[in-house]
Amino acid sequence: MTLIESTSGTLKDPAVVPPGLPLQPNAPLQPNAPLQRSTSIQRSTVRRAPVDTHTAIPVLDVTIPVFNEERDLEECLRRLHGHLRESFPHGFRITVADNASTDSTLKIAERVARELPELAVVHLEEKGRGNALRKVWLASPSPVLAYMDVDLSTDLAALAPLLAPLISGHSDLAIGTRLTRSSRVVRGPKREFISRSYNLMLHSFMGARFSDAQCGFKAIRADVAQQILPHTMDNSWFFDTELLVVAERCGLRVHEVPVDWIDDPDSSVDVVRTALADIRGMVRLTRDLVSGRIPIPELRAALARGPLPASSRTAEQSPRSSLFGQLVRFAAIGAASTLAYVLIFLFCRGFMDPQLANFLALLATAIANTGANRRFTFGIQGGNPVRHHFEGLIVFGIGLALTSGALALVHSTTSPDRWGELLTVVAANLAATAVRFLLFRLWVFRQPAAQATAPTTQATTRTETAAS
């Protein structure tokens, strides 16, 4: 990654430095080097300190990721620069992050940078918005970092309310949203449908609470970015979602700003391809969260805002506590469990009686089903998995009684063939599934209010012990 200074056009290599420190131009940042992790974690407070605006360092660094944008780049840069000069009362910098453009995008950016002192240009050999934002943000000395799409589809009047809560310390991240009632959006029905469907999936399967993952209009405090960016992996469009999901899991406050947004009809983004990549990203991120690759407890201890009285309310204990979200995740896991049950039952039925085949199929899927629902449906990590599985086996016994009773009843009244048996146990299993959900929600995985904040308290205690 190379940084082109606006005053001379010479190439510099920025180092990754903490927010508030100047760039060290002679310390190279290797594009493929592993990102540094913070070695010191301090106990978080309820409120962030306001950003120091009385400094020679630009308070705001706005990154514009570009790839082959020679037609619109100069006009958009001058428009954004003029808006910031007129309306932003503090020092700022605009950083053009050129993602391996093959046209004259880089030359245009360099020429404009020599004219505008607040403009800098970064050239990267690799493509990808996530890659560009991660490297530029980690190298920036500014305490507030933002980005927006080069087409400036979002009305710049939303920039001030986007930045204000970060500067004041009220929020940690701020995002523009096109999906609230007060937003005014002009775009085609295909994009509208894909965007809303994608965000519904995020809410249902990942417990997300933000309304719009992919609006190209976001900002973050640099002290927060330095902690969580090294744990993000996506180099493309899913970067936004990954950043927001990790931020919410870490207990950060995400401020949403309704925006006026006009779709760029000439956008080069392949919407369907991007949506499919986002779905793959959701699968990968879920795996990373389950495996512990992203150290959420440690990050939460370092970054989460302290608990408020409202946190004792049941609906606010967990982003996974909503009934609709639990039903969707439970149904998805149940569908996979039912398929596995059918396959195991048919396999075992080939060489054993139906009651034993039903028992083995139900036992195998019940254990896997309990573990999956514990983690994904009800969002429980740690705790006492042995107790949960023991209680899950009691629930399994209820399901076994229903399916075994159905089998006994059908055999006492008729002589069913193999498919008749299968239809009977599947129908009984569906009834058992409804009972299983109610027992999981109301008994097995129910968390008292005092336990809801236990992970954060334990993580904070570990941090205080390490500090002493």
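Student: How does α11 pass α12, right-handed or left-handed?

Tutor: In this predicted model, α11 makes a right-handed crossing with α12.

Student: At roughly what angle do the axes cross?

Tutor: Roughly 145°, and the axes of α11 (residues 354-377) and α12 come within 9 Å.

Student: What is the contact of α11 with α12 made of, by class?

Tutor: That contact has 12 nonpolar, 11 polar and 1 charged residues.

Student: And α11 with α13, at what angle do those axes cross?

Tutor: The axes of α11 and α13 cross at roughly 30° and come within 12 Å. The crossing of this pair is right-handed.

Student: Which residues meet there?

Tutor: From α11, P354, N358, L362, N369, T370 and N373. They meet E421, V425, N429, R436 and F440 of α13.

Student: How do the residues of that contact divide?

Tutor: Into 4 nonpolar, 5 polar and 2 charged for α11 with α13.

Student: Switching to the surface. Which residues make the nonpolar patch?

Tutor: F390, I394, L438, L442 and W443 make a nonpolar surface patch of about 530 Å².

Student: Which helices each supply at least two of the patch residues?

Tutor: α12, which spans 385-413, and α13, which spans 418-444.

Student: Which one gives the most?

Tutor: α13 gives the most to the nonpolar patch, with 3 residues.

Student: Where does L438 lie?

Tutor: L438 lies in helix α13. So α13 has L438 in it, and α13 also meets α11 through residues including R436 and F440.

Conventions: Residues are numbered from 1 along each chain as its sequence is written. This is a predicted model: local features need pLDDT of at least 70, side-chain atom pairs count only at pLDDT 80 or more; totals for chains, interfaces and linings use all residues. Side-chain values use heavy atoms; hydrogens and water are left out. Patches are made of residues with over 30% relative accessible area and no salt bridge: like charges are joined within 9 Å, nonpolar side chains (Val, Leu, Ile, Met, Phe, Trp, Tyr) within 5 Å. Accessible areas come from the Shrake-Rupley method with a 1.4 Å probe; for residues, only the protein chains shown count as cover. A salt bridge is a side-chain nitrogen of Lys or Arg within 4 Å of a carboxyl oxygen of Asp or Glu. Helices (H or I, at least four residues) and strands (E, at least two) are DSSP runs, numbered from the N terminus. Axes are lines fitted to C-alpha atoms, for helices over the stretch in contact, and angles run from 0 to 180 degrees between N-to-C directions. A crossing is left-handed if the near helix is turned anticlockwise from the far one by less than a right angle, and right-handed if clockwise. Ala, Val, Leu, Ile, Met, Phe, Trp, Tyr, Cys and Pro count as nonpolar, Asp, Glu, Lys and Arg as charged, and the others, Gly among them, as polar. Contact means heavy atoms within 4.5 Å.
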